Amino acid sequence: MDGLLLVDKQPGLTSHDVVDLVRRHGKEKKAGHTGTLDPAATGLLVLCLGRSTRLQAYLMKMDKIYEATVQFGWATATYDAVGERPDGAEPVSVEGVDFEPHLRKFRGEFEQMPPAFSAKKIAGVRAYELARKGEPVHLQPKGVRVEEFSLRSVDGSTASFVVRCSAGTYVRSLAHDLGASLGIPAHLKALRRMAIGKFRVEAAISSDVLAGAGPTGIYAPPHFIRLSEIDLPLKRVFIDPGQERKLLSGQSIILKPEVEIQPKELVSLMSLDDELVAIGETVNVIREGGGPVEIAPKVVLKR
């Protein structure tokens with residue numbers, strides 16, 4: 001089945017566990033996710049099925065929205081509640097704390113240090129494998145973008161936040177670093193992903209009901225989005241049947257789009273009956289100011 005499946009992952013499952021559930025009960029061999037969630041985390045997974053797996057690399061780059069609960073009083077080696085609580089550590093109330101000056105430090109674009117217990121590779125070895133053995137973990141900071149980091153509520157020693165960020169941002173690191181900024185050790189107590197790009201968890205099917213749903217229940221709206229109905233965060237350019245044939249054979253096309261397109265820009269190439277044919281990239285702007293452009297196929301979806 002070609003399309004996207006929105007799943008609300010429940011705690012205790014890995015992202016790959018969810019993919020396996022869909023493969024077994026949806027009877028679809030080609031399936032993959034567009035960004036992992038830790039086993040303890042919950043919320044939205046966007047799974048690509050069938051031919052839509054060709055879109056994975058592009059969907060993985062979409063911004064994410066999270067609801068994060070931070071526990072103050074102690075930090076952990078993993079930066080989350082999976083790590084051990086240090087002996088003697090006690091909760092510290094953050095009622096009345098002015099969070100805003102500290103949250104402001106973690107908005108915008110900046111270099112973020114990933115947690116030692118992460119899936120980042122060092123000389124081909126996952127960082128968490130080295131950390132579990134007590135070996136040194138030498139990671140490099142990575143550029144991230146945080147559009148929103150705002151306080152929702154405070155309850156004694158915990159506080160909940162909304163985080164809207166670029167792909168690759170570690171919310172665990174935000175929790176840990178926020179505690180360091182406040183001078184109160186902290187870790188991520190709970191995490192729920194609410195959105196990936198335009199896709200929302202409210203439309204998702206719970207992972208708890210996948211096994212009993214069967215193909216009929218799995219491939220039903222609103223949690224299943226057919227390939228022809230996927231709304232990508234790209235400009236839409238319509239092509240005629242002759243241009244479509246060229247794209248399907250791997251050739252570039254020249255057209256005059258109704259929207260202005262920049263060099264190297266990715267676009268959704270749509271058939272006249274509004275079906276997604278391919279993702280293309282502008283390789284040549286023949287004339288500035290809305291003139292013809294040359295577009296090469298990057299991912300062909302129809303064949």
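Helices are taken here as DSSP runs of H or I with at least four residues, numbered from the N terminus. In the predicted model, Arg 172 belongs to helix 5, which spans residues 171–182. The relative accessible area of Arg 172 is 8%, and the residue is therefore classed as buried, the cut-off being under 20%. Beyond residues up to four places away in sequence, Arg 172 is in contact with Asp 38, Thr 78, Tyr 79, Asp 80, Pro 115, Phe 117, Ser 118 and Leu 188.

Strands of a sheet pair through backbone hydrogen bonds, in either a parallel or an antiparallel manner. An open sheet in the model is built from five strands, arranged in the order 14-16-17-18-15 with mixed pairing. Its edges are formed by strand 14 (235–238) and strand 15 (253–255), each of which pairs on one side only. On average, and with direction ignored, neighbouring strands of this sheet are turned by 45 degrees against each other. Within the sheet order, strand 16 (residues 266–270) and strand 17 (residues 276–285) are joined in the antiparallel sense by five bridges. Val 267 has Gly 280 of strand 17 as its bridge partner. Helix 7 (residues 241–248) packs on the sheet and touches strand 15, strand 16, strand 17 and strand 18 (293–300). The direction of helix 7 makes an angle of about 150 degrees with that of strand 15.

Several backbone features are located in loops. The peptide bond joining Pro 221 and Pro 222 is cis, with an omega of about 5 degrees. Pro 222 is placed in the loop that runs between helix 6 (210–218) and strand 13 (224–226).

Positive phi values at non-glycine positions are found at Lys 27 and at Lys 264. For Lys 27, phi is about 55 degrees, and the residue is situated in the loop between helix 1 (15–25) and strand 2 (31–33). Lys 27 counts as exposed because its relative accessibility of 68% lies over the 50% cut-off. For Lys 264, phi is about 70 degrees, and the residue is situated in the loop connecting strand 15 and strand 16. The relative accessible area of Lys 264 is 62%, so this residue is likewise exposed under the criterion of over 50%.

Notes: Residues numbered from 1 in each chain as written. Predicted model: local features only at pLDDT ≥ 70, side-chain atom pairs only at ≥ 80, totals over all residues. Heavy atoms only, no water. Helix = DSSP H or I, 4+ residues; strand = E, 2+ residues; numbered from the N terminus. Buried < 20%, exposed > 50% of the residue type's maximum accessible area, 1.4 Å probe, protein only. Contact = heavy atoms within 4.5 Å. Pairing = 2+ DSSP bridges. Axes fitted to C-alpha atoms, helices over the stretch in contact; angles between N-to-C directions.
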